[in-house]
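Student: Could you walk me through reading an interface and a few side-chain pairs? I would like the general idea and then the case at hand.

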Amino acid sequence: MLMPRKPPKGFRKPHHPNRHGSAKGGTKVAFGDYGIQALGPAYITNRQIEAARIAMNRHIRRGGKVWITVFPDQAITKKPAETRMGSGKGSPEWWVVNVKPGRILFEMSFGNETVAREAMRRAIHKLPVKCRIVKREVGEA
Amino acid sequence: MSEVKISAELRMEFGKGGARRTRRAGKVPAVLYGHGEKPRHIALPARELAAAIRHGGMTQVFNIEISDGSTALALPKAIQRDPIKDTFEHVDLLIVRRGERIMVEVRVQLVGEAAGGTLVTHERATLPVLADPTRLPDRLEVSIAGLEAGSQVTAADVALPSGIALATDPGVSIAIVHAAPTAAQMAGESPVDEIDSEVIDV
């Protein structure tokens, strides 16, 4: 699963990242022919990214390529159950990516558009956010 | 490509409030500059602009009739879009003149199907060309029909219309044809191997 090699120095237990606004970059399909674009804000964990990737790869089986265009580099902490308040911040529990509306999450190249769309539809079911499938336009970089 | 005639109004109010009021009125805020002229802030009709850009892309030449009586020939230089609604937020227009040669990025379209069992990666979506602004093509086509794995399409392979010259190295790669990954390759493609969860709890 995707995660930083070692927790970034000084950012081991960060505050929750802000969820306002829309994506400033990564809103166009850059590598493949199709992409999955988030339509809302969400924290997407590395497990959800991996589940979506597997769902896509299992459907297309062979002959395609999948790009993951987000990286879960933000740690989210959690205090253990039945613990009294205080005694510091909880321990890092998940690695997430802070996704904002408009962000392309995955890209795919595959010859058959119907199969590619079905693979992406299956991947969207693994994600905690409303998404749509977008197609690369001619001349889009 | 033919020019598109479009009427524009001079904008008198600026900033996000003024820009939002312009958008609510069905117009797109734009700025017109180039050739040493002072920038002029204008508003363009959103529907006409969107239709022209959809058809001609970034190489569509506009013949702009401004409300103060002046006209200008311009080419879109930068377009800001809403990532969700895909509407135009703002357009930068560059003044051009007939007969001059300008450098423009033109879209490249791959045509045809590569050989079976291959995967085509589109490396470069646009190519810079030198041309008269009134004779810019909306796209350049390059054929990938029947190409085998390991072959490559470069800028030199693109058939350019007359009067248009390539403004980059002809060896620049546009598309590469790879052998399609097998099922085994795709199954074991996990980006990073599973790491013990203790790594997180340092």
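Student: How many residue pairs are in polar contact across the interface of domain 1 of chain B and domain 2 of chain B?

Tutor: Happy to start there! A polar contact is a pair of N or O atoms within 3.5 Å; within protein, one must be able to donate a hydrogen and the other to accept it, and residues adjacent in sequence count only if both atoms are side-chain atoms. Across this interface the rule finds one residue pair, both at pLDDT 80 or more. This is a predicted model, where local features need pLDDT of at least 70 and side-chain atom pairs count only at pLDDT 80 or more, while totals for chains, interfaces and linings use all residues. Side-chain values use heavy atoms, leaving out hydrogens and water.

Student: What is the area buried between domain 1 of chain B and domain 2 of chain B?

Tutor: The size of an interface is often given as the accessible area lost when the parts come together. Buried area is computed with a 1.4 Å probe and summed over both parts. For these domains of chain B it is about 550 Å², with carbon and sulfur atoms giving 65%. Thr59(B), Val61(B) and Leu75(B) supply 62% of the area that domain 1 of chain B buries against domain 2 of chain B, more than any other three residues.

Student: How many salt bridges are there between domain 1 of chain B and domain 2 of chain B?

Tutor: A salt bridge is a side-chain nitrogen of Lys or Arg within 4 Å of a carboxyl oxygen of Asp or Glu. Between these two domains the count is zero, whereas over all chains it comes to 13. One salt bridge joins the side chains of Lys28(A) and Asp86(B), at 4.0 Å from N to O. That pair crosses between chains.

Student: Why is the pair of Phe31(A) and Trp67(A) called stacked?

Tutor: A pair of aromatic rings is described by the distance of the centres and the angle of the planes. Rings of Phe, Tyr and Trp (its six-membered ring) pair if their centres lie within 6.5 Å; planes under 30 degrees apart count as stacked, over 60 as edge-to-face and the rest as tilted. The ring centres of Phe31(A) and Trp67(A) are 6.1 Å apart and the planes are at 20 degrees, so the pair is stacked. A search of the whole structure finds one aromatic pair over all chains.

Terms used. Residues numbered from 1 in each chain as written. Chains lettered and ligands numbered in written order. Buried area = accessible area lost by both parts, 1.4 Å probe. Helix = DSSP H or I, 4+ residues; strand = E, 2+ residues; numbered from the N terminus.
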